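Here is a walk through a protein model, taken one piece at a time. Have a look at the structure, and then we'll go from its helices to its cores and rings.

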Amino acid sequence: MVSGKIAVVVGGHGGIGGAIAERFAAEGATVYATSRRAEEGEVQHGAGKLRARRVDAADPTALAAFFETVRREAGRVDVLAVNAGISEFATLDAISEDHFDRTFDLNVRALMFAAKAATPIMPNGGSIVLVGSIAAAIGTKGYGVYGATKAAVRSFARTWANELAPRNIRVNVVAPGPTDTAMMASASDEVRATLAKLIPLGRMASAEEVAAAALFLASDQSSFITGAELPVDGGMAQV
C-alpha cells in the first residue's frame, strides 16, 4: 500500500506516531520518524526501513533543516504524517499563557510548518495525514485548548486539500478517541473504566488500530478521498 514510498512521520516515537511509523515501514516504506527523544539510527522493519531522527517539531528552523536532509538523502517525500502533540488538563480559570502557547506551538504551529516544509519536495499524487482528535468535536471539560488545536488541524486539512488538489496531493485527518498508549496507561483504573463506558464498543483503541486507519488514508486505497476526517473512536463521538 505504501511499498517503495518515502514517508515522514513527525512525532513518530512511541504511542500513535510510533505505531504509524512502524506500520508504514512494515508495508515497505522508507520512514523518517522524528522525535525530540529519538535515538538516531536506521533499522530494517518488515519490508521497509525505519530511520529515527532527533528533531524538535516545535522549532521551524530545525524542521526546515530536517526536511532539507530528507531531500538530500531521499529526494522526495511521498507521504507526510504529522502526529506531534501534547494534551494537558486546564479548565478556563486555570489556563495560563504558557499552557496555551505550548499547546498551540506543538499541536498547530509545528504541524503547519511541517506541511509547509514537506510539500515543496512532495511529488504529485502525494498524501498528507494529520492526526487530529474527536476532541475537536466534543467539549471535554478541562481540554478546551487541546480541543481548539485539533479543530485547527481539521480546518487546515480542508484548506490544504483545496490548495493542493491541482497537484493531486490529498490531505486527510485521522481522529482517534481514547487510545491505549503509554500516556493513557498512567491513568487510574477508574478513569480508564469511565472512558470505556463512554465508547459504544466498550474499550479504547489500540495505537495499531489508529495506525491502520492512517495507512489507509496514506495509501492509494483512499485515492478519491481528500479533505476528510476518519474517526477511530469506537463510536464515541459518532452515535
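The angles run from 0 to 180 degrees between N-to-C directions, and the axes are lines fitted to C-alpha atoms, for helices over the stretch in contact. Helices (H or I, at least four residues) and strands (E, at least two) are DSSP runs, numbered from the N terminus.

A word on where this comes from: the model is predicted, so local features need pLDDT of at least 70 and side-chain atom pairs count only at pLDDT 80 or more, while totals for chains, interfaces and linings use all residues. Residues are numbered from 1 along each chain as its sequence is written, and side-chain values use heavy atoms, with hydrogens and water left out.

Now find α3 and α4. Their axes come within 9 Å and cross at roughly 15°, and α3 and α4 are therefore roughly parallel to each other. Residues in contact, meaning heavy atoms within 4.5 Å, include Phe100, Phe104 and Leu111 of α3 and Val145, Phe156 and Trp160 of α4.

On to α2, whose axis comes within 9 Å of that of α3, with a crossing at roughly 30°. That makes α2 and α3 roughly parallel too, and α2 passes α3 in a right-handed crossing. From α2, the contact is made by Pro60, Leu63 and Phe67; α3 brings several residues, among them Arg109, Phe113 and Ala114.

What lies inside? The largest nonpolar core has 33 residues, and those with the most contacts inside it are Val8, Val10, Phe67, Leu80 and Leu130. Such a core is a set of buried Ala, Val, Leu, Ile, Met, Phe, Trp, Tyr and Cys residues joined through side-chain atoms within 4.5 Å. Buried means under 20% relative accessible area, exposed over 50%, and partly exposed in between (1.4 Å probe, protein chains only). Elements giving two or more residues to this core include β1 (6-10), α2 (60-74) and α3 (97-118). The largest share, 6 residues, comes from α3. There's also a second, separate core of 28 residues, which includes Ala19, Ala29, Val31 and Val210.

Next, the aromatic rings. The structure holds 5 aromatic pairs. Rings of Phe, Tyr and Trp (its six-membered ring) pair if their centres lie within 6.5 Å; planes under 30 degrees apart count as stacked, over 60 as edge-to-face and the rest as tilted. Tyr32 and Phe66 are edge-to-face, because their ring centres are 6.3 Å apart and their planes are at 70°. Tyr32 sits in strand β2 (residues 30-35) and Phe66 in helix α2, so the pair ties together parts that are 34 residues apart in sequence. Phe66 also pairs edge-to-face with Phe67, with centres 5.0 Å apart and planes at 65°. Is Tyr32 buried or exposed? Its relative accessibility is 0%, so Tyr32 counts as buried.

Last stop: Ala214, found in helix α7 (residues 207-218). Leaving aside neighbours within four places in sequence, Ala214 is in contact with Ile20, Phe24, Val129 and Val174.

Notes:
Parallel < 35°, antiparallel > 145°, perpendicular 65-115°, else oblique. Left-handed = near helix turned anticlockwise from the far one by under 90°.
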